[in-house]
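Hi everyone, thanks for making time.

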Amino acid sequence: MIEQYIPVFLVIAFAIVFAVLVVFSSKLLGPQRPTPEKLSTYESGMKPVGSTHERVSVKYYLVAMLFIIFDLEVIFVYPWAVKFRILYNEIGTSVFVSMLIFLIVLELGYLYVYKKGGFKWE
Amino acid sequence: MLYSIEEFYSILPFIILSTGILISVLIEMYSSKSEKILPWFSIIIFSAAGFYSLLTVNSMSVIMQGMLQTGGIPNIFHFVFNFGAAITCLLSVDYIKKYGAFFGEYYILIQISVLGMMCMAGAKDLFMIFIGLEVMSVSFYALAGMNRKRLNANEASLKYFLLGAFATGFVVYGIALIYGAAHSTSIDVITASFPAMSGNVIFLAGVLLFLIGFSFKIAAFPFHMWVPDVYQGSATTIAGLFSTGGKAAAFSAIIASLAPLFAGSVHVFMPYLAVISVLSMLFGSIVAISQNNIKRMLAYSSIAHAGYMIIGLAAGNHAGIAGIVFYLTAYTFMNLGAFGIVSLIEGNGETNLDLNSYAGLSEKNPMLALLLSVFMFALAGLPPFAGFFGKYYVFISAVKGNITWLAIVGVISSAISVYFYIRIVVLMYFRDSQSGFTIKNSSAGMLAVIISFMLVILLGIIPGSVINLISSFLN
């Protein structure tokens with residue numbers, strides 16, 4: 001039973017050893033000539049301004065949540081579309097109808113968000 | 001996917017409710033008066049689904065590729081959920097204006113939560129239970145925080161969400177362990193392999209985690225912390241729905257998954273169930289005595305009632321299951337009635353909720369005082385009303401299951417609980433009013449309370465035929 005998992009444990013052990021090795025070898029072997037500019041946070045050449053722990057507007061979360069809905073839609077529709085011909089020959093029109101019902105429910109939610117102003121930025 | 005017209009008829013309550021939700025969303029989008037249309041539309045949808053379930057209670061079938069079961073006990077639960085939700089909507093018509101959550105979405109969320117409860121009651125597969133649980137719980141979290149401007153509503157919503165998510169984690173982990181041991185999520189397969197598995201530690205740990213997750217949802221003792229704060233913070237009508245629909249749904253899922261095990265198998269979970277039952281009963285009854293807020297008092301009484309119902313599970317026989325189903329039916333209507341009257345008396349901005357507001361109610365509004373007394377007597381379990389027979393059937397099942405001591409603890413706990421129920425009746429009839437508030441008239445709310453009252457009386461008059469109907473589905 002437990003012998004089946006030896007490859008998994010090997011992968012985990014290798015990942016840990018490799019990560020530790022890479023991080024510390026660069027610290028040990030590389031030349032270290034620090035200057036204040038080198039030690040500061042890297043922000044594409046800009047001077048770092050303010051704290052990193054800023055509050056993010058709730059609008060971003062709303063967009064992220066709406067994105068997940070359509071992400072899931074793709075996950076469902078894509079394999080369905082790829083296998084559509086095989087499924088249609090096996091089962092018949094109900095393959096199409098059931099996806100249509102799913103999409104109607106989903107689009108109703110989309111319409112609801114649109115009507116309630118979920119996509120308005122300001 | 002539907003294979004036959006019979007399958008369509010079996011699943012019709014689900015279709016009615018799902019279509020109702022979609023139409024409600026459309027109404028909410030395109031009508032400016034959706035808050036006025038949606039309560040009545042929801043009541044029509046709930047009544048249609050509820051009465052259809054009750055009419056087809058005798059046609060048993062397993063549908064959706066062995067995922068769902070209809071007819072029998074699940075249909076009785078569907079009726080209880082739908083009718084309870086219809087009463088909640090009727091109570092909310094005037095109440096949510098006072099409370100400050102005058103949105104159409106309120107009713108849509110109630111409909112969605114009832115759909116989740118129905119999935120749980122008829123589940124034949126652990127995934128179905130999980131989906132139903134999540135559909136119900138997520139709409140409950142949103143309903144608890146419906147009034148965003150009020151701090152304690154936010155607190156209630158957040159507390160309910162965090163603890164509820166934790167409980168769901170327990171349920172999922174339990175399902176994972178059960179699947180690991182039984183190699184299936186189908187309840188029939190798991191039940192068939194149960195005698196061989198009753199010594200398997202992984203399997204037993206899985207079922208125990210599953211039960212612990214649901215102990216959160218039914219508000220049993222060590223997992224009850226969220227109950228008083230959530231009931232106090234959320235709208236009174238919604239607290240009524242949490243304590244009746246939510247509890248009944250969690251019990252229906254336990255019954256759907258564990259009831260087949262009681263047909264002769266070794267009942268290994270009796271110690272766990274007996275311990276949480278005793279602790280819930282005594283804790284709920286004793287702590288309720290010291291409460292001053294009526295919603296908190298009803299919350300602790302709800303914990304105690306969860307304890308009485310678990311006696312039926314601990315008894316581990318069909319009489320216990322039948323007793324729980326009857327108890328839940330009775331409890332739904334008497335508790336909704338009590339919460340309904342609290343919502344009628346509550347003033348703007350969550351005032352008039354402490355027990356002193358009820359002093360002298362018999363002079364101010366004799367009708368409400370009489371109805372509230374009946375609900376309090378029923379909750380205390382005094383003979384002519386439905387609550388007595390619920391307790392009676394559950395205690396009898398404990399005696400039949402050779403755990404008489406549990407029934408005795410239950411009777412002692414009921415005796416303790418009589419004190420705080422009767423205290424309200426004493427306040428209403430034998431004390432003079434201290435504050436001069438007036439009760440706003442609400443004919444819809446009054447109608448809802450009277451319907452619950454009639455059902456409590458009806459279940460108290462004909463308990464025998466109801467329990468015979470329930471028992472006939474178990475054999």
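**A walk through chains A and B**

Let's start at Gly245(B), which sits in helix H12, residues 236-258 of chain B. Before I go on, keep in mind that this is a predicted model. So, is Gly245(B) buried or exposed? It counts as buried, because it has 26 C-beta neighbours inside 10 Å, and the cut-off for buried is 20 or more. Who is around it? Setting aside residues within four places in sequence, Gly245(B) is in contact with Phe81(B), Gly84(B), Ala85(B), Val114(B) and Met117(B). Then there's Phe77(B): it is 168 residues away from Gly245(B) in sequence, yet their C-alpha atoms are 9.5 Å apart in space.

Okay, on to the nonpolar core. The largest one has 174 residues, and Phe375(B) and Val456(B) are the ones with the most contacts inside it. Which helix gives the most to this core? That's H15(B), with 19 residues. If you zoom in on Val456(B) and again leave out neighbours within four places in sequence, you'll find it in contact with Ala330(B), Phe333(B), Met334(B), Gly337(B), Val374(B), Phe375(B), Ala378(B), Phe385(B) and Ala386(B).

Now slide along to helix H21 of chain B, residues 463-474. Those twelve residues reach 17 Å from first C-alpha to last, close to the 16 Å expected at 1.5 Å a residue. Its buried residues include Val466(B), Ile467(B) and Ile470(B). Looking down the axis of H21(B), the buried residues fall within an arc of 95 degrees, so they line one face of the helix. As a reminder, an α-helix has 3.6 residues a turn, so residues three or four places apart point the same way. And what covers that buried side? Among the elements covering the buried residues of H21(B) are H4 (73-99), H15 (318-345), H18 (386-400) and H20 (443-461), helices of chain B.

Next, two loop residues with a positive phi. Ala219(B) is not a glycine, yet its phi is positive, about 65 degrees. You'll find Ala219(B) in the loop between H10 (201-217) and H11 (226-233) of chain B, and it is buried, with 29 other C-beta atoms within 10 Å. Asn402(B) isn't a glycine either, and its phi is positive at about 60 degrees. Asn402(B) is in the loop between H18 and H19 (404-430) of chain B. Buried or exposed, this one? Asn402(B) is exposed, with 12 other C-beta atoms within 10 Å.

Last stop, chain A. The domain assignment gives it domain 1 (2-39) and domain 2 (58-115), and the centres of those two domains, taken over C-alpha atoms, are separated by 42 Å. Have a look at helix H5 of chain A, residues 94-115: its 22 residues should span 32 Å at 1.5 Å a residue, and the end C-alpha atoms are 31 Å apart, which agrees. After H5(A) comes Gly117(A), with a positive phi near 80 degrees.

And how do the two chains meet? Four residues of chain B are in contact with seven residues of chain A.

Conventions:
Residues are numbered from 1 along each chain as its sequence is written. Chains are lettered from A and ligands numbered from 1 in the order in which they are written. This is a predicted model: local features need pLDDT of at least 70, side-chain atom pairs count only at pLDDT 80 or more; totals for chains, interfaces and linings use all residues. Domain bounds come from an automatic or database domain assignment. Helices (H or I, at least four residues) and strands (E, at least two) are DSSP runs, numbered from the N terminus. The expected span of a helix is 1.5 Å times one less than its number of residues. The arc is that of the directions from the helix axis to the C-beta atoms. Two residues are in contact if their C-beta atoms, placed from the backbone, lie within 7 Å. A nonpolar core is a set of buried Ala, Val, Leu, Ile, Met, Phe, Trp, Tyr and Cys residues joined through C-beta atoms within 7 Å.
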